[in-house]
Amino acid sequence: MRPGMPPGAPDAKAKSFGPSLKRLLARLAPEKAYLVAIFVLATTSVVLTVLGPQILGKATNIIFDGVVGKQLPAGLSKEQAIAALRAQGQDRLADMLGGMHVIPGVGVDFSAVGRVLVLVLVLYLASALFGWLQAYLLISVINRAMKRLRAEIEEKIHRLPLRYFDSTPRGDVLSRVTNDVDNVAQSMQQTLSQLVVSVLTVIGILAMMFWISWLLAIIALLTVPVVVVVTAQIAKRSKPHFVNQWRYTGLVNAQVEEAYTGHEVVTAFGRNREVGQEFDRRNGRLYESSFKAQFISGLIMPVIMFVGNLNYVLIAVVGGLRVASGSLSLGEVQAFIQYSRQFTQPLTQIGSMINLLQSGVASAERIFEILDAEEQVPDPEVEDQRPVDRGRVAFDAVSFRYEPDKPVIEDLSLVAEPGHVVAIVGPTGAGKTTLVNLLERFYELDSGTISIDGVDITHMTRDRLRSRIGMVLQDTWLFSGTIRENIAYGNPSATEEEIVAAARAAYVDRFVHALPHGYDTVIDEEGAGVSAGEKQLITIARAFLAKPTILILDEATSSVDTRTELLVQQAMAALRRDRTSFVIAHRLSTIRDADLIVVMDSGHIVETGTHTQLLTHRGPYHRLYNAQFVGAAVDQDLVDESPVDA
């Protein structure tokens with residue numbers, strides 16, 4: 001990865017094709033038994049197909065022998081007919097007749113021709129059946145491999161640190177998980193079966209061609225190095241464009257996802273034109289890289305077909321001379337010409353498959369970048385089993401930074417006693433939300449410790465830690481489903497009575513009965529059908545149901561009207577009862593009763609105390625309070641000297 005690129009961003013230069021393909025194919029290893037069966041079925045199908053032209057050549061010989069024999073005088077032996085031709089000076093015709101199985105005066109044996117054709121029909125039907133079976137098994141194997149790959153990606157995403165998603169566009173991640181996985185599956189389904197059959201066909205046809213005529217076989221092989229060199233050169237030039245094609249696919253998806261999610265903001269600020277221009281720019285690059293990838297790789301088949309046609313002409317000329325000399329029969333030459341065309345066909349198919357294979361491997365490399373991304377620090381193998389039910393939270397000399405050269409929190413120490421409400425205020429960027437994110441262990445500390453009831457949170461599993469913490473955020477995250485299911489997300493094993501009790505405690509029960517289907521009303525991810533305040537009450541009910549020891553309220557009333565805010569505040573007051581609570585707020589009216597108010601600025605605690613104590617102290621909190629409630633009388637100099645902003 002180039003310096004300065006975010007984790008997970010695709011490199012402009014792809015990994016080498018061979019190792020990536022090998023790693024992709026290694027994912028089929030659990031299906032070894034099926035792969036052996038697929039190989040056996042494919043081999044059987046190819047053998048039966050390859051035998052077809054040779055046997056059809058016998059039918060051609062029977063017909064040709066009958067046609068020639070009918071023209072010869074009856075009653076003569078083959079030797080006498082040959083001698084008569086030589087006596088007439090027709091040595092070439094006599095040589096050809098010597099290589100045939102004719103009976104002078106006897107015509108075509110149609111019954112023999114019929115038996116040969118029936119045999120060929122049976123061979124081709126059996127070959128098709130075995131080919132269908134191997135294709136069925138291969139598709140099953142690949143789909144199971146893709147199912148495992150998707151599951152592995154899903155598990156990997158849950159092990160990635162939040163830093164990864166902070167630095168990687170969400171649309172690009174979605175593109176890798178969906179588009180790239182689908183492209184890998186499609187590429188493998190279309191190429192592996194065809195490649196296996198094509199390689200086996202080339203081997204089988206080569207064996208039959210050498211059996212018929214080593215001279216013609218050598219002529220046919222002269223074209224192979226040309227095909228290999230041309231294919232390798234074209235593939236080498238098209239590979240970077242395939243990589244860029246899927247890279248820009250991810251960028252376009254990221255742009256679309258971002259513009260769709262923020263559609264109202266884009267429209268409100270009149271930035272539709274700029275968004276459209278950015279989309280056109282990325283879409284243009286996607287078009288350019290896709291066109292180059294497809295055009296360059298598309299040259300493979302025409303080149304191979306041209307070389308194959310030259311090979312066909314050489315074989316036809318030399319084969320005709322060999323028939324005329326009696327070295328080969330007409331049926332053998334006909335079979336050889338069929339083999340030469342069939343020999344070119346799998347080579348052409350291999351060339352065309354390289355196109356798809358390169359696209360699939362390019363997508364696989366993007367998937368491997370996710371799978372190879374650095375994971376979050378694993379949970380401890382031996383967990384500290386001491387109980388953490390009281391809720392005493394201690395930050396001891398905590399330091400943290402998102403970027404190495406930009407400290408966010410420096411040497412911060414803070415204690416929240418069990419059952420106390422700790423309010424955190426300060427300007428944007430002061431580190432308020434970061435502080436609670438560190439408590440949830442969304443990020444790892446650079447130094448210092450955070451403990452709950454004396455247990456270092458790094459000595460607990462993340463599941464155990466987060467099961468003790470409930471969060472109500474400013475952004476209300478709901479999921480597609482019923483209101484009942486959204487509330488039950490806080491505790492999937494909750495009973496109906498517990499769900500209704502949580503809804504009543506959070507005042508959800510007040511409005512839910514006015515909805516068409518009550519608790520069974522379906523809402524989508526955006527919470528369509530309920531207001532912003534009602535969505536917030538649903539998230540509070542979800543937190544109620546989780547019964548956390550520690551509660552985090554991150555500006556949970558900032559986006560609701562005054563009347564709804566009163567309901568939300570009452571619900572949150574009930575939720576905070578007997579729990580250690582961290583309240584991040586800009587509206588100071590919501591935190592007057594807090595047991596401890598912490599004023600932060602630039603990652604440091606500048607003062608602490610109760611509402612009354614801080615007002616008496618006349619420090620940053622006092623200035624903030626005056627700025628919020630006595631805004632018209634605030635002296636501008638006071639505002640300028642204080643970094644704290646409501």
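The residues lining the second largest pocket divide into nine nonpolar, two polar and 10 charged, where Ala, Val, Leu, Ile, Met, Phe, Trp, Tyr, Cys and Pro count as nonpolar, Asp, Glu, Lys and Arg as charged, and the others, Gly among them, as polar. This is a predicted model, in which local features need pLDDT of at least 70 and side-chain atom pairs count only at pLDDT 80 or more, while totals for chains, interfaces and linings use all residues. Residues are numbered from 1 along each chain as its sequence is written, and side-chain values use heavy atoms, with hydrogens and water left out.

**The second largest pocket**

- The second largest pocket has a volume of about 560 Å³, a volume being the space filled by probe spheres set on grid points that are joined across faces, edges and corners.
- A pocket is found on a 1 Å grid over the protein atoms alone, as an open set of points where a 1.4 Å probe fits, with protein on both sides within 12 Å along at least five of seven lines, and lining residues have an atom within 4 Å of a point.
- The lining of the second largest pocket is made by 21 residues, of which Pro 161, Arg 163, Tyr 164, Glu 374 and Tyr 402 lie nearest its centre.
- The elements that give two or more residues to this lining are helix 6 (162-167) and strand 1 (393-403), and helix 6 gives the most, with four residues.
- Helices (H or I, at least four residues) and strands (E, at least two) are DSSP runs, numbered from the N terminus.

**The nonpolar surface patch**

- Phe 210, Trp 214, Leu 215, Ile 218 and Leu 222 make a nonpolar surface patch of about 500 Å², and the largest share of this patch, three residues, comes from helix 8 (residues 214-221).
- Patches are made of residues with over 30% relative accessible area and no salt bridge, with like charges joined within 9 Å and nonpolar side chains (Val, Leu, Ile, Met, Phe, Trp, Tyr) within 5 Å.
- The accessible areas come from the Shrake-Rupley method with a 1.4 Å probe, and for residues only the protein chains shown count as cover.
- Trp 214 has its place in helix 8 and counts as exposed because its relative accessibility is 56%; here buried means under 20% relative accessible area, exposed over 50%, and partly exposed in between (1.4 Å probe, protein chains only).

**Salt bridges**

- A salt bridge is a side-chain nitrogen of Lys or Arg within 4 Å of a carboxyl oxygen of Asp or Glu, and by this rule the count comes to 28 salt bridges.
- The side chains of Arg 159 and Glu 375 meet in a salt bridge of 3.1 Å, N to O, which links distant parts of the chain, since Arg 159 is in helix 5 (residues 110-159) and Glu 375 is in the loop between helix 13 (330-371) and strand 1, 216 residues apart.
- Both partners are partly exposed, with a relative accessible area of 33% for Arg 159 and 34% for Glu 375.
- Glu 288 and Lys 292 also meet in a salt bridge, of 3.3 Å, N to O, and they are separated by about one helical turn because they lie four residues apart in helix 11 (residues 272-297).
- Glu 288 is partly exposed at 43% relative accessible area, and Lys 292 counts as partly exposed at 34%.
- Asp 453 forms a salt bridge with Arg 390, the closest N and O atoms being 4.0 Å apart, and this pair links distant parts of the chain, with Asp 453 in the loop between strand 4 (447-452) and strand 5 (455-456) and Arg 390 in the loop between helix 13 and strand 1, 63 residues apart.
- Asp 453 counts as buried at 16% relative accessibility, whereas Arg 390 is exposed, with a relative accessible area of 55%.
- Salt bridges that share partners join Asp 172, Arg 176, Asp 180, Arg 366 and Glu 369 into one network.

**Individual residues**

- Ala 397, which has its place in strand 1, has a phi near 50 degrees, a positive value in a residue other than glycine, and is partly exposed at 25% relative accessible area.
- Arg 618 is not a glycine but has a positive phi of about 55 degrees; Arg 618 is placed in the loop between helix 21 (611-617) and helix 22 (620-629) and counts as exposed at 57% relative accessibility.
- Gln 536 lies in helix 19 (residues 532-546) and is buried, with a relative accessible area of 0%.
- Gln 536 and Ala 506 are 30 residues apart in sequence and 9.4 Å apart in space, C-alpha to C-alpha.
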